[in-house]
Structures are given as C-alpha cells and as structure tokens.
Amino acid sequence: MTAARIISVLIGYLFGLFTAGYFYAKHVHVDIRQMGSGNIGTTNTFRTLGKKAGILVFLGDGFKGVFAVLFVWLLFREKYPQGIKILEAYAGLGAVLGHNFPVHLKFRGGKGIATTSGMLLAFCPWAVPACLVLFTLSVFVKRYVSVGSLLVCLGFFVQTILFGQNGILGAPPEALGEIYTVVGVICLLGVVRHSSNIKRLLSGTENKV
C-alpha cells in the first residue's frame, strides 16, 4: 500500500494548490500577498477584502480538504477497505501541504486551518461539533482567531485518538498508530504555521477580530 499512500498525498497536494485567497484576490485585480499580513488565507482575506471574500475563501480552502479525502476514498475504498482511513489521512495531509506550500506561489502559502477543517469534516465528522465550539468561543469571547485555530488543531488530534480507541473512527486497530501520526503531523503543521501568532499572544500584541 506504499504506492497508494504516495498517490494519496499527491492527490491531496493537487487539490491543495487551489489557493482560494490568491485566486479570489487576483480576480478582483489585487495581490493578497501585498496586503495586510501577506497571508493568502481566510483571516487576511477577511480583514483586507471584506466579509464576503473571507467567507468564499474559507469555503474554497475548506472544500479542497473535503474533496481530497472523498476522491481518495472513491479511488481506493474497494482495493484497500482496511486501510482506507490511512489513505484518507494522507490525502488530508497532502491538501494541507498544497495549501501551505503551493508550488505556483514559490511555496509561500497559508496556514492550513480552513483546509484542515475541511479534511476534518470528511475524515472525522464526529469531531466537528467540539472543534466548532472551541473555535467559536475563542473568536467571540476572546476575539483571537489564532487561538481558535490552535484549539481546532488540538481538538482534532485529541478526538481522533478518542474516536479511534472507541472504534468510532472506523479504522482497524493495526491502522490507528499510523493514522494518529499523520493527523498529528497535520495538526503540528497548523501550530508551526502559527508560531508568529503564538509569539504575539505571549507578548500581548496579537491582533484581535
């Protein structure tokens, strides 16, 4: 199944290359990389181009995570029924890598939270309610998008383990270790990409909504 793992990552990466923020900004004749924080993701789009743009970019970046997982599921579900959740996880990883490090933007992409959220929806939908509550409370109570994003990563990882151990994830026991590792890498990428935000949070200079 090694080849299937590689193919799943590549499929996810190709989906991840649809950098919604960059393409939306290009459509309205601006370069999002030259505006605000310079990030191509949802938050910077929302702040610089408005609510409508932010929502569209979030949906675009989120659904590429959904589609990557679903495409791999359709492609491999019959050939690798016992390993399909592993391949779905690799597809999600590829989508996040494609968003964070897009080749057409010289590997300068976003932070991957919207794409991770989309992958989460398709891969482990039972984890969505808790992650949504964590994000909503962080944004509307503390007004920090970065804190909400970090909590989504933590909530995704913890719940993947909980649902995996309880059999709800739908993966055989021998596949769980690899799934936890791949999901852990995805969530760690989200944390690493927020390193500058974490520094600002610690210094009390982080931007609020």
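Contact here means heavy atoms within 4.5 Å. The views below come from a predicted model, in which local features need pLDDT of at least 70, side-chain atom pairs count only at pLDDT 80 or more, and totals for chains, interfaces and linings use all residues. Residues are numbered from 1 along each chain as its sequence is written, and side-chain values use heavy atoms, with hydrogens and water left out.

**View 1. M119 and its contacts.** Setting aside neighbours within four places in sequence, you will find M119 in contact with G65, V66, V69, E88, A89, G92, C124, F156 and I186.

**View 2. The largest nonpolar core.** A nonpolar core is a set of buried (under 20% relative accessible area, 1.4 Å probe, protein chains only) Ala, Val, Leu, Ile, Met, Phe, Trp, Tyr and Cys residues joined through side-chain atoms within 4.5 Å. This core has 27 residues, and M119, F123, C124, F156, L169 and I179 touch the most other members. Helix 9 gives the largest share, nine residues. Helices are DSSP runs (H or I, at least four residues), numbered from the N terminus.

**View 3. A second core.** Look here for a separate core of seven residues, with F76, I84, L87 and A91 among them.

**View 4. Helix 5 beside helix 9.** The axes (lines fitted to C-alpha atoms over the stretch in contact, with angles from 0 to 180 degrees between N-to-C directions) of helix 5 (residues 84-100) and helix 9 (residues 173-193) come within 9 Å and cross at roughly 15°. The two helices are therefore roughly parallel, a word used for angles under 35 degrees. Residues meeting here include A89, L93 and V96 in helix 5 and I179, V182 and I186 in helix 9.

Key:
Parallel < 35°, antiparallel > 145°, perpendicular 65-115°, else oblique. Buried < 20%, exposed > 50% of the residue type's maximum accessible area, 1.4 Å probe, protein only.
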